[in-house]
Amino acid sequence: MYKVMIVDDEPMIRQGLQSLIEWEQYDFSVVAFASNGVEALERYKEHTPDLILIDIRMPLMDGIRAIGELRKIGAKSRILILSGYGEFQYAQQAIRYRVDGYVLKPIDENELTLYIEKVSKELKKSQQEAVISTQTLTLLREEWLKDFAEHQLQDAELSVENWERLFTVPFTEANILLLDTYSREHSLTARNSVKQQLVTFIEEQQWGFVFSTDAYIGIIIHQVSMNQSKRERLEQIIERACEQKTQYIAIMSAAYTELKPLYEELVELKATLKNRFFMHENALFELSEIVLFDKGGQPELPLSEFIDQMSQKLFYVIDVGNKKMLDELLDQIATTLRKYCETEQQMKSSWAQLLTMVMNRISAMHPKLGLEDDLKLVTQLYLTHHYHLMLDQLKLQLTSLMNRLTITESTNTNVMKQMIDFIDRNFADPLRLETMAELFNYNSGYLGKMFKSHTGDSFNTYLDNVRIEQAITMLQEGYKVHQVAERVGYANVDYFHSKFKKYKGVSPSAYKPGTISKKSSE
């Protein structure tokens, strides 16, 4: 309903005008009365009526002066003047105050009704035009924000004049914030919910303008000096919008006093946001403080060789049950892989290769131990959203596997027993006493003395004997000498010959099936 105020110094006329017209029929409601111009100004401030019927001759302040004062304070009300025949010249003066008409007294009901009907139609038309204008501006603004987000604007569209036309506020200083959300629920539904809550705060508080694309939510933070206090406030608003059901990563640009550099920094923001895997979840970062990759020197080894070395070392650590070294080694691998891998896919693929090699070796070494659930670790790492969470998961599951191996395979926890078992299982590897000392957390010299005291042989002698015995078995099974040498850990065949003759007094071929020299040596 449109609001009406009646201003006349005669009470009977005020009451008569209220009852003379069927106001509701024309979508009007009489909300205020005044007996002079002074009262009219006070009542206007209280009710802001859409239509004012006002007499000219009144005490304290006449109608003409009252209309002038109303226009000075920005009143856009429609005005109908009530005047007698002798006051016609005053009514003419009111034309400069944009009055909608005047009705002569005594008031003719039909004439007044026609005016009321005309004003009602004009108010409705103006209201519809205002809605259309607002909707059009909103659509143009949304289209601009969409093209801004997708980096499809021309230079002319980045002008301050274009901004002020669309957003109806001057451009002074602005940051841009991009927000990536992800949830177990339908991601688009969750993102829309977060966006609506952000719109409520950001736009109602006049902090800027919110927009979205299929990939993320964006905020142009405008005319807000983003100090530490306001940054913390913004983080709180984002957390509240996500409601603990949706995780997020938010990245904010520096502040710019022009649109073009802000627009250009958007490209880097989007590229950085694609690497959210390497950032911690539920946090707001400034672009300048993000370091995603190790910018140091190049790795010494090709990636494939590094993975091969680390898979062997990781297998050793798990096999001997060293929890402290497991955590340290996983951290070391994680840090070094940052030099090789610049994308989430590269990182997960590298870990998958490494873990597959470890699991295959454990499975071959412990065939009775069911590893079906452990093998799922390789596929599960592809489902993690953040690198640090993936590492936590790896540590947890590999520790669990290590504990099961220790319980299943080793009833005697004596270090020497574990060391001997380890050599017997891994004799073909390039084992060294220093490697064993690191695995078992001992000084290498002290560990060597302990080992000789326990077995009667030095570490190298014991390893050679294990290899030679394994070689004899393989030779008797029909393998060629060069094949056996490689399988038991001797890369050089001549070196294998010398070692074999040192311990057995004959060449390896003496132990091949059908030879006589084996018996003669015995």
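1. Where is the place of serine 311? Serine 311 sits in helix H10, residues 303–320. Helices here are DSSP runs of H or I with at least four residues, strands are runs of E with at least two, and both are numbered from the N terminus.

2. A word on provenance. This is a predicted model, in which local features need pLDDT of at least 70, side-chain atom pairs count only at pLDDT 80 or more, and totals for chains, interfaces and linings use all residues. Residues are numbered from 1 along each chain as its sequence is written, and side-chain values use heavy atoms, with hydrogens and water left out.

3. Overall form. The protein has 21 helices and 10 strands. Its C-alpha trace spans about 150 × 45 × 40 Å along the principal axes. The radius of gyration is 43 Å, whereas a compact globule of 522 residues would have one near 24 Å. That radius is taken over C-alpha atoms, and the globule rule is 2.2 Å times the number of residues to the power 0.38.

4. Of the 522 residues, 45% count as buried. Buried means under 20% relative accessible area, exposed means over 50%, and partly exposed lies in between (1.4 Å probe, protein chains only). Contact means heavy atoms within 4.5 Å. Among contacts with a separation of 6 or more, 67% come from residues 24 or more positions apart.

5. Back to serine 311. Serine 311 counts as buried because its relative accessibility is 6%. Not counting residues up to four places away in sequence, serine 311 touches Leu354, Met357 and Val358. The C-alpha atoms of serine 311 and methionine 359 are separated by 9.3 Å, and the two residues are 48 apart along the chain.

6. How do H2 and H3 pack? Helix H2 (residues 37–47) and helix H3 (residues 63–72) meet at an angle of about 30°, with axes 9 Å apart. So H2 is roughly parallel to H3. The classes are: under 35 degrees roughly parallel, over 145 roughly antiparallel, 65 to 115 roughly perpendicular, the rest oblique. Axes are lines fitted to C-alpha atoms, for helices over the stretch in contact, and angles run from 0 to 180 degrees between N-to-C directions.

7. Which residues make the H2–H3 contact? H2 supplies Gly37, Leu41 and Tyr44; H3 supplies Ala66, Glu69 and Leu70. By class, the contact has four nonpolar, one polar and one charged residues. Here Ala, Val, Leu, Ile, Met, Phe, Trp, Tyr, Cys and Pro count as nonpolar, Asp, Glu, Lys and Arg as charged, and the others, Gly among them, as polar.

8. Backbone checks: positive phi. Threonine 48 has phi near 40°, a positive value in a residue other than glycine. Threonine 48 lies in the loop between H2 and strand S3 (51–55). At 40% relative accessibility, threonine 48 counts as partly exposed. Leucine 60 is not a glycine either, yet has a positive phi of about 70°. The loop between S3 and H3 holds leucine 60. Its relative accessibility is 70%, so leucine 60 counts as exposed.

9. Backbone checks: a cis bond. The peptide bond from lysine 105 to proline 106 is cis, with omega near -5°. Proline 106 is in the loop between strand S5 (101–104) and helix H5 (109–149).

10. One more site. Alanine 271 belongs to helix H9, residues 259–273. With a relative accessible area of 41%, alanine 271 is partly exposed.
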